[in-house]
Amino acid sequence: MIDAELSIADPVILSGVLFGAMLPYMFAALTMISVGKAAAEIIQEVRRQFKEDPRLMECIQKMNRGEKLTPEEDVLPDSDRCVAISTKSSVREMVAPGVYAIVAPLFIGLLIGPRCLMGMLSGAISSGCLVAIMMSNAGGAWDNGKKLCEKLDIKKTEQGKACIVGDTVGDPFKDTSGPALNILIKLMSMVSLTIAPLIKGRKDFESFEYGFIPLAIFVVVSAILVMKGILTWKDPLGTIHSSAAVVQPDGHTAVPISPANPIHTHTVAEQMAEVAAEQKEDEKKQCHQS
């Protein structure tokens, strides 16, 4: 016989299950949007470099035609700025998911009680595992579909374009949102275990006033992130076609890495030569396999 205090039919536990089952979807949505915003910032930076230094495009066009570049014609693109944008965005965009993963168990456990917290963890684990597996498998399938298009040499067909779109969504699916759900489940469980002695034996809504503290943190952090333009549902690529892309969508400017410690020092000619060498290696491998 099921203990009535731990029955899923109990409204307190059921509300916790539903709330916890919603969290992985919100977490996945936030991480997917973060990837899109970071990619949009890098696209704008690349367009800015092409606009300010037309020699970059000229070098690429000459290399595509098979022409050799002289040292005077060669250009060193500012790759360090793109790396700085990616690094800065990865830290900034993880503020909201990290805060929500910590505040959610605190809010439920202190405001309502341990029974609702147990239901929240059950719902988060149940839906989080399924969503994480789905994202990993779907993202891997889309990524492999693009590789198959490259192998069959149909990248410029409509089928190839569809594979590229699928891979664009599949990469953050399998590399960002899917693995991040594992961290969400672990972090929420660890926070719940940490506050377990504080709420042990507490009845529903007993000393509920302490739950308003994490609730206030949630509201304040969300308001700050919205005002800063970090927490938003706007299309990150929506402003690219209407602006010159000198400033990034949230108003921040990328901070370049110090020239004394460059990460990438390849010129356009060197990068194109590396791409050509990789293509020759792939052709050799295909010849050996056939």
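Me: What are the length and reach of helix α4?
Reply: Helix α4 covers residues 95-111, which is 17 residues, and reaches 23 Å from its first C-alpha to its last. That is close to the 24 Å expected at 1.5 Å a residue. The expected span is 1.5 Å times one less than the number of residues, and helices here are DSSP runs (H or I, at least four residues), numbered from the N terminus. This is a predicted model, in which local features need pLDDT of at least 70, side-chain atom pairs count only at pLDDT 80 or more, and totals for chains, interfaces and linings use all residues. Residues are numbered from 1 along each chain as its sequence is written, and side-chain values use heavy atoms, with hydrogens and water left out.

Me: Where does α4 bend?
Reply: The bend is at Val103, by about 25°, and Pro105 follows within four residues. The bend is the angle between axes fitted to the seven residues ending at a residue and the seven starting there.

Me: How many residues of α4 are buried?
Reply: In α4, 12 of its 17 residues are buried, including Tyr100 and Phe107. Buried means under 20% relative accessible area, exposed over 50%, and partly exposed in between (1.4 Å probe, protein chains only).

Me: What covers them?
Reply: The cover includes α1, α5 (114-152), α6 (158-199) and α7 (212-227), where contact means heavy atoms within 4.5 Å.

Me: New topic: why does Gln44 count as buried?
Reply: Gln44 counts as buried because its relative accessibility is 2%. Gln44 is found in helix α1 (residues 11-52).

Notes. Helix = DSSP H or I, 4+ residues; strand = E, 2+ residues; numbered from the N terminus.
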